[in-house]
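The following paragraphs lead through a protein model, beginning with a local detail and then widening to the whole chain. Please keep the sequence and the three-dimensional view at hand while reading.

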Amino acid sequence: WLMMSVEGPLLAALIARMAEPKFNLAAHGVAFSFALLVEAPIIMIMSASTALVTDFRSYQKLRNFTAIINVIITLGMLVLIWPPFFYWLTEQVIALPHPVAERTHLGCILLIPWPAAIGFRRFYQGVLIRNNLTRRVAYGTTIRMASMAGTGFSLYFFADVPGIVVSTAAMSTGVVMEALATRVMVQGAITSLRNRPVSGSTPASPGYRFIWNFYYPLALTPILALGAQPLVTFFMGQSRAAIESLAVFPVIMSLVFIFRSMGISYMEVAIKFMGERFQGFRPLRNFAAILGGINIVLLVLIAYTPLSKAWFQIVSGLSPELSNFALTPTRLFAIMPGLTVLLSFQRAILVAARDTRPITYATALEIALIVLCLSISIFYFNMIGATAAVLSLVAGRLLANLYLIFPVRRNLKPRLNPVEDIPQSGLTKPLKS
């Protein structure tokens with residue numbers, strides 16, 4: 001995740017140094033939002049794979065389940081790029097200027113392979129994590145970054161194409177190469193699953209009905225969460241300083257993502273090490289607190305010091321005007337890395353407890369508050385779009401964290417404080433162990 005966080009700043013820096021950077025940066029942000037929305041149903045398949053693939057039979061079932069979702073989301077991407085629908089959505093609904101909409105359409109066409117490649121590699125990454133082969137996940141990401149950077153720099157130096165083509169072609173190339181590399185590296189783990197002996201005490205593999213009931217709340221969660229990206233884009237398009245907001249927002253998100261990346265990756269780690277009886281809860285909790293605190297401090301050091309101008313102007317290539325424009329939203333975002341760690345840890349507890357529905361409810365509340373805050377801040381207070389977007393995203397995440405406290409405590413209580421009935425004369429109440 002940390003290596004992938006370099007992807008956004010690198011591509012934004014290339015676009016910012018090419019012709020018409022404002023339009024192409026805005027188009028890159030919108031196209032990436034659409035791609036994330038289409039891939040949303042498959043994103044959580046890595047968590048499901050980490051939790052459920054315990055033998056070869058469960059591997060086969062979840063692999064087939066993943067393939068079906070991949071077909072569906074690829075068809076969704078093809079529907080999205082159909083010109084009559086696409087331009088109605090971007091120009092009539094979102095109200096993007098035509099130059100931005102035109103470039104966004106080109107970018108979405110180049111991102112057609114993106115959703116299925118993400119689903120393919122996330123499924124196999126879950127198998128690697130389950131089998132303690134996490135280094136291979138990092139090796140795959142190294143291949144992704146090398147492929148992405150190679151494609152991006154080649155197009156930048158040797159092809160006369162718009163910035164949006166450089167970014168989206170590089171993104172698609174990177175994820176496809178990573179998916180293929182991950183499939184090669186997981187073969188040993190698959191062979192081990194196939195050859196693993198089955199004893200009479202081995203639990204039965206989950207059926208498709210169980211997989212569906214377990215997974216659909218997880219699938220709804222990123223659908224709702226990533227649905228916020230086009231919503232934020234829509235509101236920024238209606239706001240004061242709309243083009244500037246659309247241009248700097250992906251750059252801000254890329255910076256913040258660097259510090260959120262470790263929090264995002266923590267979910268699968270916590271699922272893996274929580275244990276059947278949650279014996280790993282306390283060390284995982286303590287590590288999450290340290291991780292969240294460190295990432296907040298590091299982002300604060302950048303956002304509230306001259307390092308911010310160095311990042312936006314020298315690294316990201318923004319003009320001084322856009323760099324100053326991005327400063328306030330970035331400072332308001334400083335708490336987000338800590339909230340991300342907390343959310344990942346809360347979700348991991350619920351996934352390990354096989355209680356996935358509250359995750360969806362929390363995300364629904366988060367999106368509802370984001371929309372409400374955006375509506376009030378932009379249409380009532382006439383705030384600048386990027387600032388309103390950041391405030392709304394932070395408020396929504398805080399609400400999700402607060403809501404999950406209750407189902408997390410409900411699932412932790414019987415596991416951390418087990419009650420055992422002891423059939424002993426004169427004993428009328430169960431004793432806590």
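The side chains of E178 and R121 meet in a salt bridge, with 3.4 Å from N to O; the term denotes a side-chain nitrogen of Lys or Arg within 4 Å of a carboxyl oxygen of Asp or Glu. This pair links distant parts of the chain, since E178 belongs to helix α9 (residues 163-185) and R121 to helix α7 (residues 114-130), 57 residues apart. Helices here are DSSP runs of H or I with at least four residues, strands are runs of E with at least two, and both are numbered from the N terminus. The model is predicted: local features need pLDDT of at least 70 and side-chain atom pairs count only at pLDDT 80 or more, whereas totals for chains, interfaces and linings use all residues. Residues are numbered from 1 along each chain as its sequence is written, and side-chain values use heavy atoms, with hydrogens and water left out.

Are the two partners buried or exposed? E178 has 0% relative accessibility and counts as buried, and R121, at 4%, counts as buried as well. Buried stands for under 20% relative accessible area, exposed for over 50%, and partly exposed for values in between, with a 1.4 Å probe and protein chains only.

E178 also forms a salt bridge with R144, where the closest N and O atoms are 3.3 Å apart. R144 lies in helix α8 and E178 in helix α9, so this pair ties together parts that are 34 residues apart in sequence. R144 is buried too, at 3% relative accessibility.

A further salt bridge joins R144 to E7, with 3.2 Å between the closest N and O atoms. Because E7 lies in helix α1 (residues 7-16) and R144 in helix α8 (residues 134-158), the contact ties together parts 137 residues apart in sequence. Both E7 and R144 are buried. The structure as a whole holds 7 salt bridges.

On the scale of the whole chain, the protein contains 18 helices and 2 strands. Its radius of gyration is 23 Å, close to the 22 Å that the globule rule gives for 433 residues, so the protein is as compact as a globular protein of that length. The radius is taken over C-alpha atoms, and the rule is 2.2 Å times the number of residues to the power 0.38. Of the 433 residues, 53% count as buried.
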